[in-house]
Amino acid sequence: MHSRPDLLDPQTLSQLGGVELIARQVVEGFIMGLHRSPHRGFSAEFAERRAYQPGDDLRHIDWRMFGRSDRYYVKQYEEETNLRAYLLVDVSTSMGWTSNPGTLPTKLWYAKHLAASLSLILLRQGDSVGMAAFHEEVVARMAPRGGARSWHELLARLSPLEAQGSTSAHTALRDIAVRLRRRGLVVLLSDLLVDPDTTRTALRFLKHQGHEVLVFHLIDPGERELPAAGDTRLFDPETGDELNVNIADVRSAYRDAVKDALAEWDRSLRPHGIDYVVVGTETPLSRALRFYLRKREHLG
Amino acid sequence: MGFLSPIFLLAGLAVAVPLILHLFHRQDAKRMVFPALQYLLRTEKEHARTIRFRQLLLLILRMAAIVLLVAAGARPFLRGGGGVHDPTATVLIVDNSMSSGLIRGGARVLDLLKAVALRSIDRASDEDRVWLIRAGEPWGPAITGSRADLSAAVLETEATDARGDLGIALERAVVLTSGSGLAAAEIHLISDLQASAFEGTGSTGEAGSVPVVVFDQGAGDRENAFLDSLLIGGGLPPLANQRTRLSVRVAGDADSADVPLRLVVANRIRGAATGGVNNSALLPIGPFAAGNVEGHVETDPDDLRGDDRRFFAFRVRAAPTLAISGSAPFFLSEAIPVLVDAGRIRPAAVRDAEILVSVAGAGMTEAGTAGRAIVVLPPNDPALLPGLNRALTSEGIPWRYEPTAARGEAGITRWNGPVDLDEVRVRSHYTLIPGGDGPNQGVLASLSSGDPWLVEGTTPRGPYLLFASDLDEESTNLPVTAALMPLMEWTVSRWGDTQGGTTSIRDPSGTLHPVDATQPFTATPAAGLYEFLAGDSTIEMIALNAPRQESLLLPIETSVLRSLLPGPATMVTDSARWTRAVFSAGQGPEIWRWLLVAAALVLIAESLVAASGPTADKSRSGARPGLQDTASD
């Protein structure tokens, strides 16, 4: 069993407690795994020196001090709030679905905890974080801001959200686009059971405005693979559509259709500089966090 | 195909289950929330045709599986497929008549027929009742017993020189099967199917009563050259020291070449000639001393050897003594001296004559030699009939003459003697009435009215011959025809000095058969000379020859054959297929195992089709398409 919470699977993780506790533990474990100090950044303004510790970036070694004392010191800088991140959380009805209730958390649970973890990392790195929750309209919003208190405020907005309504991602994205005046990082957490064309257009619009866009496509394993059943009447809670189908008849074709849809998202977003990653709700949160970290490093 | 448990077929109604489920069950399908329905809608739309085909395929496979399982449960079997069968009363008719000795393609036909019969026996089960009828031995009883016994009997079967009457054999077979007590019956007709073997055959049983499996070689044999008939002295054997002629007729294909003929008497060649096909050849024979003369005429052997030799035997005796009592008709009185001059008869007194010609019963009551033969001519005057009838009664002859009201000329019918009586017309005659309630036996010739004209018989005193009309020109034109002298000669020569007391018969192979007066002697499978013995003395010889019908090898037409058979016919032309054709009145091999295997295969196919999704999934599960590995390093 993993001792680091960030590596725990969501099923186990969901039994640890609320959003705050889980997110904090995940982030602590995640940062520990990176072998980096969580308390000091390495941005522009010098703060102090300290003795070199294994894992410190060699670029920050103070070679002058080494010349004087034959000891390694690294330079530390005051953290700088230079990134405005905006987390968009899809809270439509489909996000409240799990293929294995009682065992596997919902996509909304995963989105909340991923958002909480991401925001904690962002805030600890001195960035400012805002959020918006939406289905066919924006139901909760918090303007980007930094500081530890911001995280609690964000959690307070995030925790009570429940899955409801249909999805209209492009509406929320356009709303954000209007509100975000400074360029920043926009992170979309959604199952993308939306109108693909309008959503892609909205995402590309954000990118066009100069924002970095990161899309976490949350997908339940039960959406990749149809359940083992025979004749079934499937019901879409958002659209109300129903379909009588024999699962065995469409299993293979469905699998291909999902694969094609994911590939289509990737194909339509990546050429525009929009990062797209599929995250299964059965996978540990650290995967998504690691992807974010890479993205953050590219942003400087 | 049939079923041993046909009731199980009712379970076939279960085939409606998948159909009903296919049509209606999906309306009652479980409702499940599934947000990613948009992917499925796309799939359903794009793959609707494939899905429908797959569903239809599954439906067909499931229905096929049920049908196969139900069919297997009903225990189906194939008819005539070489497996087990219901107990069957079976009669094997093996034609071992003379024609079965034909050599065809270097092999004897009978050997092929025997091989076919053995196949039948091999196919028979212990529950069957099987009889073997040898058509060439019509006197022999049907043989039955174990399969080993029957096989041995078949192997021992040899071609006879007798005629095979397949009509009679079929009738016997029908009788045997009907009395067997078994529900199923079958006749195996194993023959060369000569058309002549069915001559005189009508329907051989109740229509559709017994199925017949017929071995039909389908080989139309060309006509066979053979010695058709043999006649000595025009039907009258020579008397002592007389020469006569032997006439032998050669029959066969008109295009055949002439055949050599050899006359053999007492194992010595006594003459030779060349016989043209469909013509008669004459060979001089005699003179002989009194006694038995035997011999044969032969030609070179061909593929059917049984008819290449014809035997003869006759008894040469001294001319009989004859006397006429009463007023003989004119022409008769003129004919007798001619016969005397020819040495055919010797005149004698009434009491010493071996043959007495009695006109109106004259002289009949006088004492004569023992065994004296009497030829009776009726009087012209009906008033004399009572006296004649009294004389007949006193002689023990059970016939009497009565006047008849019939008028006009009448021809002679029912005559098969050696003298041609076709031109003879009878203008007046008496009615010959048998005495008591006795049967109308001994009639040698009748008039076209049906009245007897010539009657023979034997009393303890001797034989007699009764004419229904006088032999004068007013009663019949016989005296002015060429038939008078031959008829007179035949009349006086038909009684020899035959002795009674036969104790045994020696057949052509030399085997002695004791004569039992209570049983008829019919064991005459071989052509040749049969000697009637009294102790060590030969008292008579008879030559038996193969019937000419056996020499006619033309096969019967199939349509005609079918009309003569007692039931539906199965024609088998290939001996190798015989085994599968016989014992069709029952089940062949059971095929339920094959159906189960087929059902299992269908179910496996159904499983593969039904589980095609999950199966494919396992092969791809490791790929997780779309999950970005870039985040996992």
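I began with chain B and its burial: buried residues make up 39% of its 633 residues. I keep in mind that this is a predicted model.

Next I looked at the secondary structure of chain B. I found 13 helices and 33 strands there.

I took the contacts with a separation of 6 or more, and 75% of them are between residues 24 or more positions apart.

I turned to chain A. Chain A has 300 residues, and 47% of them count as buried. I counted 10 helices and 10 strands in chain A. I also looked at its contacts between residues at least 6 apart in sequence; 74% of these join residues at least 24 apart.

Now the cores. Nonpolar side chains tend to be buried together in soluble globular proteins, so I searched for such groups. The largest nonpolar core holds 82 residues. Which of them touch the most other members? I noted A:Leu87, A:Leu88, A:Ala115, A:Met131, A:Val187, A:Leu189 and A:Phe216. Helix H4 of chain A, residues 107-124, gives the most to this core, with 12 residues.

What is A:Met131 in contact with, leaving aside neighbours within four places in sequence? I listed A:Tyr86, A:Leu87, A:Val89, A:Ala115, A:Met142, A:Leu154, A:Arg157 and A:Leu158. Two names on that list, A:Leu87 and A:Ala115, I had already written down for the core.

Last, I found another core lying apart from the largest one. This other core has 79 residues, including B:Leu176, B:Phe215, B:Ala251 and B:Phe314.

Terms used
Residues are numbered from 1 along each chain as its sequence is written. Chains are lettered from A and ligands numbered from 1 in the order in which they are written. This is a predicted model: local features need pLDDT of at least 70, side-chain atom pairs count only at pLDDT 80 or more; totals for chains, interfaces and linings use all residues. A nonpolar core is a set of buried Ala, Val, Leu, Ile, Met, Phe, Trp, Tyr and Cys residues joined through C-beta atoms within 7 Å. A residue is buried if 20 or more other C-beta atoms lie within 10 Å of its own, exposed if 12 or fewer, and partly exposed in between; C-beta atoms are placed from the backbone. Helices (H or I, at least four residues) and strands (E, at least two) are DSSP runs, numbered from the N terminus. Two residues are in contact if their C-beta atoms, placed from the backbone, lie within 7 Å.
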